[in-house]
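User: Hi! Could you walk me through the sheet and the salt bridges in this structure, with the reasoning spelled out?

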Amino acid sequence: VNERHDRNWNKIDRFVEAVRQMPPPPAEDNDSLDESASTGDSIVVPRSFDIIGDVALLNSLPEGCDIEDESKLKEIGTQIMKKNKAIKVCAVRMTSLSGTERSPGDAGLKIIAGTRRSPLVTSHQEYGIKCVVDLNNTFFSPRMGPERLRICQQVARGERVLVLFAGVAMDAMQIAGRTEASSIVAIELNDIAIQCARRAHRFLERNKAVKCVGAADRLEIIEGDVLKVLPTLEPESFDRVLAPRPKEGSLDGDLGKGDGGMIFLEALLPLLKPHGGECHWYDFCADHELPYCERTRKTVETTCEKMGLSMEVVHVAHVGSIAKRQNRVCFDFRLTGGK
């Protein structure tokens, strides 16, 4: 410890003392999200919800709020819309996501305020690139935005990229619009998600904010089952594969009884270049498995050994939470040749 360290600590002490002496924040005005309804009942507005395009999507209602209480639900939605003028619709998810499409279905969302739309379709912009989302029939999470940006930052010029389980194709369009990849192939089974992706593909053609030349021309969207489409593609031809596979209910996670998606790994590995090909493999882990995710690592290593390939772990990224103490992770690994 020298004189410079002492000066810095003195600055910190003065800052802490100044913070302690700050006056309390002023009382919120009548525009507060927690203001009371006309009935006199306190309206508690959720602090956490997703904004997708011009739609505010509540994943759950505040504690004590009855889904049948239409007036209170409308007041909650109105308060959210009042705080953000760009929001035109407020909806609440009625059921948990299920099935391979991970979509709520026609009865899975309830519009509580704003314009009535059936189905609930909106266009969502992320880093200047738009996608089209049918919230009733497709899965999309704006919380994955930073993860999509992270992937884009790793794509090098001239790479061939394959995106599996592409959904509305936001991952693929971000790569097409923000990188100099030579080609991007996106595969999705859900026909409604494919319709959304193709509409967004037309947006990409006209998007003047996209600086990468020929972004739309480099993107190919294929409708079909991943396990049926992959065998038709050229082996060992892709530099990078994204596999944000959907959660398969009780088959996934630390207590899951499934194979951890090994069937998909076996299908995609032959398409990766055996020397240097990278895969972004998405899996589901409990809190106690972080940060190393040994179960996921074992699944990948076992599958690579079965295919006669060697691999190395590049990075394990915590992508987000899907439930209490349950997380989505991205296990990045690179092939290093055959054994």
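**Salt bridges and a sheet**

Analyst: Happy to. Let us begin with one side chain: in this predicted model, Glu 266 has 23% relative accessibility, so Glu 266 counts as partly exposed.

User: Which residue meets Glu 266 in a salt bridge, and what parts does the pair tie together?

Analyst: The N to O distance of the pair is 2.7 Å, and the partner of Glu 266 is Lys 306. At 58% relative accessibility, Lys 306 counts as exposed. Lys 306 lies in helix α8 (residues 294-306) and Glu 266 in helix α7 (residues 262-268), so the residue asked for, Lys 306, ties α8 to α7 across 40 residues in sequence.

User: How many salt bridges does a search of the whole structure find?

Analyst: A salt bridge here needs a side-chain nitrogen of Lys or Arg within 4 Å of a carboxyl oxygen of Asp or Glu. With that cut-off, the number found in the whole structure is 17.

User: Are Asp 171 and Arg 148 buried or exposed, and which helices do they lie in?

Analyst: Their side chains meet in a salt bridge at 3.8 Å, N to O. Buried means under 20% relative accessible area, and both Asp 171 and Arg 148 are buried. The two are 23 residues apart in sequence, so their pair ties together the helices that hold them: α4 (residues 170-178) for Asp 171 and α3 (residues 145-152) for Arg 148.

User: Where do Glu 159 and Arg 240 lie?

Analyst: Glu 159 and Arg 240 form a salt bridge of 2.9 Å, N to O, and each of them is buried. The pair ties together parts 81 residues apart in sequence, because Glu 159 lies in the loop between α3 and β7 (160-163) and Arg 240 in strand β10 (residues 240-243).

User: Which residues do salt bridges with shared partners join into one network?

Analyst: Glu 159 and Arg 240, the pair at 2.9 Å, both belong to it.

User: Now the open sheet of four strands: which are its edge strands?

Analyst: The strand order is β1-β2-β3-β4, with mixed pairing. An edge strand pairs on one side only, and this gives β1 (50-52) and β4 (109-114).

User: What is the bridge partner of Ile 51 in β2?

Analyst: β1 and β2 (residues 55-58) pair in the antiparallel sense over three bridges. Looking in β2 for the residue bridged to Ile 51, we find Ala 56.

How values were computed:
Residues numbered from 1 in each chain as written. Predicted model: local features only at pLDDT ≥ 70, side-chain atom pairs only at ≥ 80, totals over all residues. Heavy atoms only, no water. Pairing = 2+ DSSP bridges. Buried < 20%, exposed > 50% of the residue type's maximum accessible area, 1.4 Å probe, protein only.
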